[in-house]
Amino acid sequence: MEILITSKTHKGNAACVGGLILDNNRLVRLLNPGNWDQYADTDLNIGDIWDIQFVDREDTEPPHIEDIIIQNRTFLRDIGGISNHLRNCGVDIYRGAPTQIFEGRLGWTGNGSGYIGNRKNLPDNSVGFWISDRDLTLDDDGKHYNYPSENDFIRTKRFPYVGFESEVQIIPSGALMRISLARWWKPDDSDMNERCYLQLSGWYGI
């Protein structure tokens, strides 16, 4: 099937690669046999279209239902305008404030990090696309993007950036972005429930 590569993000020393099946707009995450992520120097690049034969991973854990296992793949072409395609292909896009992301199911920590923590109230997917109504600015740490608070009583929302592309200082309002949820996790020394934390995978057309 023809799959458009939509993201490439850091996952330890590997690359987590996301895609979109062109026939049906299914969101997928491309794994190698053995459920391994791609190597960091993978030739699966954002904007490329590959003909990929795959099987679904059997042991997925919602909301991370996108995993597929590559069996064979052949490069076809570059889509030549990924932002325009994603905006017009009919794939769901969240719009507005961060509270709209993942059907409004996110919780927010005191420092502004988004997360999913209720396994009985999960979004349909662990990845998605978003157009913000405000500029996102790169934090002084160079690792997060900030969505500004509307007033002193609403905290700034922070997005850890995990993509391979070089950082930009500002992601302007109206830009198309890809967001994702990390795998279930909690600190080893904590008694809190596991969470899936919100991440910024990248942006298109900036």
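Student: Is Tyr115 buried or exposed?
Tutor: This is a predicted model, where local features need pLDDT of at least 70, side-chain atom pairs count only at pLDDT 80 or more, and totals for chains, interfaces and linings use all residues. Residues are numbered from 1 along each chain as its sequence is written, and side-chain values use heavy atoms, leaving out hydrogens and water. Buried means under 20% relative accessible area, exposed over 50%, partly exposed in between (1.4 Å probe, protein chains only). Tyr115 has 16% relative accessibility, so Tyr115 is buried.

Student: How do Trp50 and Phe75 pair?
Tutor: Rings of Phe, Tyr and Trp (its six-membered ring) pair if their centres lie within 6.5 Å; planes under 30 degrees apart are stacked, over 60 edge-to-face, the rest tilted. The centres of Trp50 and Phe75 are 5.5 Å apart, with 75 degrees between the planes. That makes the pair edge-to-face.

Student: Which residue lies over the face of Trp50?
Tutor: A charge sits over a ring if NZ of Lys or CZ of Arg is within 6 Å of the ring centre and within 35 degrees of the ring normal. Here the distance from the ring centre of Trp50 is 4.6 Å, and the residue is Arg73.

Student: Which side chain joins that of Asn146 in a polar contact of 2.9 Å?
Tutor: Asn146 is buried, at 14% relative accessible area. A polar contact is a pair of N or O atoms within 3.5 Å; within protein, one must be able to donate a hydrogen and the other to accept it, and residues adjacent in sequence count only if both atoms are side-chain atoms. The partner of Asn146 is Asp139.
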